[in-house]
Amino acid sequence: MLVLFFISLSSQANSSVASHLNLQQADKLQLSSLAPEHPGHFPVGGYSAFLEDESGDMQLADVLTANTWQTSQSENPNFGFSGSAFWLIAKIDTSKVPSRWFVRNHYSLIDHFDVYTCASLQQPENCLEQLSGDLLPFSQRMVNHPELIIPLPAMNEPYWLLFRMATEGTHQFPTDLVDEKSLYDDLLFNSWLRGGYISMMLIMGLYNLFLFFSTRDRIYLYYSAFVLSFLLFHTSYSGDAFQYLWPDKPEINQYALPWLFSITICAISLFIPRFLDLANHSPIAHKLFRGFFAVALITLLANLFLPYRPVVAVQNVLMLAITLSALLLGIRFWLKGVSSARIFTLAWVFFIAGLSLATARSLGFVPTNLFTIYGYQAGSFAEILLLSLALGERITELQREKLQNRKALLASQEESIHHLRNYEELYQNSFTGQFQIDSQGHFIKSNPAWRAMIGQDKISSELTLKNLFDNPQDFIRLEHNVNQDGRTQGFIFALIQPGSQQQLMISLSIRKAFEGENAHWIGAAQDVSEKYQKEEKLRQLQEEKNQSLRQLVMGVSHEMNTPLGNIRMAQSFLKDQSQLLPDGQQLCADGLSHIDHAVERLCELNALMKSSIALDREYQQETIQIRQWLTNWTHQMESDKNAINIQQEVHSFAVEWHTYPDALKSILEQLISNSISHNEDKAESGELSANISINDDKDYLILRYRDNGSGVATEERDKVFLPFYTTQRQQASSKGLGLYQTYNLVTELMQGCIQWPAHSDGFEIELRFPQSQT
């Protein structure tokens, strides 16, 4: 295959100019006469002169009068790819060996190879014309052989041979003068070698094709496609396909060689990555061969539209790249210790060596003999044979790996059985209740701890998990959580024992069964009744404490109302009486003003103390549309307080929220007021801004408030929610009770919590609220 590439680079490299000749004075030419003294093969090229016919239209009479002839100094002239036709002339004397003589051209891919036998160059009309080439029907050949073999007439005197070559491929002239006996002896040996080569290649291809049908492993298909396509390409290159497959269709020769070349490249581009498993061991090389395959497909289609010459040039460069890549990858995997890669590398070494030898013979660097003529076939056959051995070695490696994997699997199964036994023992003796249920909710397996938990020695086939729930709504929520997330952890519900009707508080964890498990749900449960009761008592104590605090504050506020009212009455009386004191009127007025200011502050403080205690009955629960509610509130707040720019974002999948909208409004307004009061400079300059965002995290809604103000120092974060704590004692309108009231609304009324971020440039706080509030 690559012979075409190297030959195309030669382009008259083996022909040198000695002098310009004029055949009108042929007798005075300095051409040596080819005069065999014994039977055998005699290269004609070294005794010839050549003429390039750029137009391709010159006739015999024209070339005889031309004065641009040049002598050749190569036994096998090679003119490379050219659009010209080439004429060669040689003087022959076969009178010394009485035998029938033939002209034999070993290169069969010449479109037109015409031979003219002339006793005298002065009378061209008497020359014998014999036409040959692969564009003529095979039946017109005088010798039934793929190579171009033309018999010469018996001549008792020296005579002239003129050759005309015209082809789309390379213009090669590996032409010999051979006697009849030597020719037929050589053809007999040649036929034996060609038949053996084709037979062995066919056997290798069909054998691996049958292996593919039996194993369904695509590597055998790719290898079989490579061998069979290469065989067809070789028979097309050597002329055997023309002789036996399409002898009456010479026009097929124009497309057969490039098409079969592209198919061979496609097959080898698939075989090499599969053999070396490049997809797993070298993804970059795998992509490279994918690119080779794509280019080969493009050349296969380009054969229909583009000329022969550029397509074949691209194919040869592509094949050269694939061959070198395969060799380098084989060496790389060989060095890594892959035994099959050693044989794989040697296969490509033999293949490249055979190609190099054939190319060197075509270029005239080495003599033409049996070894150099069949070096190409020997190299390719050695490659196919070694690749088959490498494939067998690879199969052996895979079998060894398979055996090792099977041993590892058996060991893993034994270990798994051991773990399953341990797990079953733990399952049965666990203090945690374990159970499995089917899609209808019936128990199909349970351990003693679960049966003791529900008060059953043996679970009835009629009992379902749903029957154990004291509140049916709890089971609906559990089913929703498991179906949505695939599992739930620490789900608390009240369980009723079927026999005793005793109520227990159970912490339940359930997941959907994996594929292959018989159950529908698999669960684990713990009895947390004692813990739940302790937490309930703590909650009641906290509630009683908060209620006592509320009563204390409300009592103090109520008790303060009476003295404040009396002070106001006394203040009014003194104000009236001060009008009767002409000398001390101004002094009394100043005193009354101080008393009035102090009373106002006491009344304001009393009102703040009342409002700082969040009572459930003061706020009503409603269902709000989260995005719409926040948008409306933002517009209202911007119209009331234009000192701050408010931005709002909602990234929650939840659309509705059942909560306390008035309490939420109070919380946000308090945060806005704090931002304005603690950042007066930015508020006055219009640079103050706040961002409010809402997103969700499973069962919680997260509200983040952030402004670009001065923020809160880390050491003060635990203090800002304490009552009466403020850093602006004189200016604070809420007297340090604003954030205290916010804290009560978030934690007590709305059952949420407050978190501070790790780092923040301004004031930033995160409020977490349960999505479902009851």
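## A guided tour of a predicted model

The model is predicted, so local features need pLDDT of at least 70 and side-chain atom pairs count only at pLDDT 80 or more, while totals for chains, interfaces and linings use all residues. Residues are numbered from 1 along each chain as its sequence is written, and side-chain values use heavy atoms, with hydrogens and water left out.

**The whole chain.** Switch to a cartoon view, in which 20 helices and 25 strands belong to the protein (DSSP runs numbered from the N terminus: H or I of at least four residues for helices, E of at least two for strands). Of the 774 residues, 46% count as buried (under 20% relative accessible area with a 1.4 Å probe, protein chains only; exposed is over 50%, and partly exposed lies in between).

**Confidence.** Colour the model by pLDDT, the predictor's confidence in each residue, from 0 to 100. The mean for the protein is 78, and 80% of its residues reach 70 or more. Select residues 1-21, where pLDDT stays under 50 and the model has 86 contacts beyond four places in sequence (a contact means heavy atoms within 4.5 Å). Then select residues 729-735: the pLDDT is below 50 here also, and this stretch has twelve contacts beyond near neighbours in sequence.

**The disulfide.** Select Cys-118 and Cys-127, which are joined by a disulfide with an S to S distance of 1.9 Å (the criterion is a pair of cysteine sulfur atoms within 2.5 Å). The structure holds one disulfide. Both Cys-118 and Cys-127 are buried. The torsion about their S-S bond is about 120 degrees, and the disulfide is therefore right-handed.

**Helix α8.** Move to residues 283-302, which form helix α8, and pick out Phe-293 within the helix. Phe-293 counts as partly exposed, because its relative accessibility is 22%. Apart from neighbours within four places in sequence, Phe-293 is in contact with Cys-266, Ser-269 and Leu-270.

**Strand β17.** Finish at residues 503-512, strand β17, where Ser-507 is found. Ser-507 has 16% relative accessibility and therefore counts as buried. Beyond four places in sequence, Ser-507 touches several residues, including Gly-490, Phe-491, Ile-492 and Val-528.
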